[in-house]
Amino acid sequence: MTLRVTDHPILGKLEKKKAVTFTFNDKQYTGYEDESLAAALLANEIRTLRHQEESGSSRGIYCNIGHCFECRVSINGKQGVRACLTPLKGNMIVESHGKLPTPVRDWRSSDE
């Protein structure tokens, strides 16, 4: 957890919490129980959480308050869960996704 802010000039010192382990894309990480999964991922230097359905461009944490859906991941096999709204629990299995198939056809394409 190298990027965690432990002493904020306005919010003060981070309270000690229970450390738990979780996996992200088959690699084990540590975070604090009940912090947001997004915070734990950021603290572990993880920025890309998924890829945009049509273009395949990287997506990560954007608003961090549950409005945008950019931080969707799979947690314990359940797809489309927002990392910013999900409290971290020990032994969570979190997976990102590559470019997902979409039934929406690109209207700019000349192929019919």
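Student: What makes Phe22 and Tyr29 count as buried or exposed in this predicted model?

Tutor: Phe22 is buried, and Tyr29 is too. That label calls for under 20% relative accessible area.

Student: Why is the pair of Phe22 and Tyr29 called tilted?

Tutor: Start with the distance: ring centres have to lie within 6.5 Å to pair, and here they are 6.0 Å apart. Now the angle: under 30 degrees would be stacked and over 60 edge-to-face. The planes of Phe22 and Tyr29 sit at 35°, so the pair is tilted. By this rule, the count is one aromatic pair.

Student: How do you know that Arg82 lies over the face of Phe69?

Tutor: CZ of Arg has to be within 6 Å of the ring centre and within 35 degrees of the ring normal. Arg82 is 4.2 Å from the ring centre of Phe69 and does lie over its face.

Student: What makes E4 and E8 the edges of the sheet?

Tutor: The order is E4-E3-E9-E7-E8, in an open sheet of five strands with mixed pairing. E4 and E8 (78-82) each have a single partner strand, so one side of each has no neighbour in the sheet.

Student: What does Ser36 touch, leaving out residues up to four places away in sequence?

Tutor: Ala83, Cys84 and Thr86. Ser36 lies in the loop between E4 and helix H1 (37-43). Ser36 and Cys84 are 48 residues apart along the chain, with their C-alpha atoms separated by 5.6 Å.

Technical notes:
Residues are numbered from 1 along each chain as its sequence is written. This is a predicted model: local features need pLDDT of at least 70, side-chain atom pairs count only at pLDDT 80 or more; totals for chains, interfaces and linings use all residues. Side-chain values use heavy atoms; hydrogens and water are left out. Buried means under 20% relative accessible area, exposed over 50%, partly exposed in between (1.4 Å probe, protein chains only). Helices (H or I, at least four residues) and strands (E, at least two) are DSSP runs, numbered from the N terminus. Contact means heavy atoms within 4.5 Å. Two strands pair if DSSP finds at least two bridges between them.
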